[in-house]
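Here is a short walk through one model. Keep the structure in view as you read.

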Amino acid sequence: MSFPPPPNAALAELLGVIGEENTREIVRIFLQEAPQLLESLSASDRPVRHRAAHSLKSSARLVGAETLATHAADAELRLAQPDGEIAPGEISALAADLSAISPALIAFARD
C-alpha cells in the first residue's frame, strides 16, 4: 500500500526515525487528543490549563504544526505566571490553527 508523503519536514524526519506506520499512528493520536487539549484550556483549574497548553505545544511540534505549537507555547508561558490568563479568543485562535493543519494530517494518517 502506498501512503501519501508527509506534509511537513517534522513528519518526514520522524518517519525516517520511527517508520511510516508509527509516524502515522502518532499523527492519529494527535488528531484525537488535540481537541480535548483545546477543551482543557477552558478548565477552571490553572494547573490543568497549563498542562494542556504544554501538551498541545509539545505534540503540535512533534507533528510539525508549528503555528499551533508557537501559539500554544505563548499560552503556556502566560499560564505559568501567577496572574497569567488566556482569553477565549486565544483558544478560538488555537482551534483555528488546528483546523488549518488538520486536513493535511488527516490525509497523511489515513489507513
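This is a predicted model.

Now step back into the helix itself. H3 covers residues 46–62, which makes 17 residues. From first C-alpha to last, H3 reaches 24 Å, close to the 24 Å expected at 1.5 Å a residue.

Which residues of H3 are buried? They are Arg49, Ala52, Ala53, Leu56, Lys57 and Ala60. Seen down the axis of H3, these buried residues fall within an arc of 130°, so they line one face of the helix. An α-helix has 3.6 residues a turn, so residues three or four places apart point the same way.

Lys57 forms a salt bridge with Glu76, and their closest N and O atoms are 2.8 Å apart. Lys57 lies in H3 and Glu76 in H4, so the pair ties together parts that are 19 residues apart in sequence. Lys57 is buried, at 12% relative accessible area. Glu76 is buried too, with a relative accessible area of 12%.

Turn next to Arg28. Glu25 forms a salt bridge with Arg28, with the closest N and O atoms 2.9 Å apart. These two residues are three apart in helix H2, so about one helical turn separates them. Glu21 also bridges to Arg28, at 2.6 Å between the closest N and O atoms. Glu21 is partly exposed at 42% relative accessibility, and Glu25 is partly exposed at 36%. Glu21, Arg24, Glu25 and Arg28 are linked in a network of salt bridges. The whole structure holds seven salt bridges.

Methods:
Residues are numbered from 1 along each chain as its sequence is written. This is a predicted model: local features need pLDDT of at least 70, side-chain atom pairs count only at pLDDT 80 or more; totals for chains, interfaces and linings use all residues. Side-chain values use heavy atoms; hydrogens and water are left out. Helices (H or I, at least four residues) and strands (E, at least two) are DSSP runs, numbered from the N terminus. The expected span of a helix is 1.5 Å times one less than its number of residues. Buried means under 20% relative accessible area, exposed over 50%, partly exposed in between (1.4 Å probe, protein chains only). The arc is that of the directions from the helix axis to the C-beta atoms. A salt bridge is a side-chain nitrogen of Lys or Arg within 4 Å of a carboxyl oxygen of Asp or Glu.
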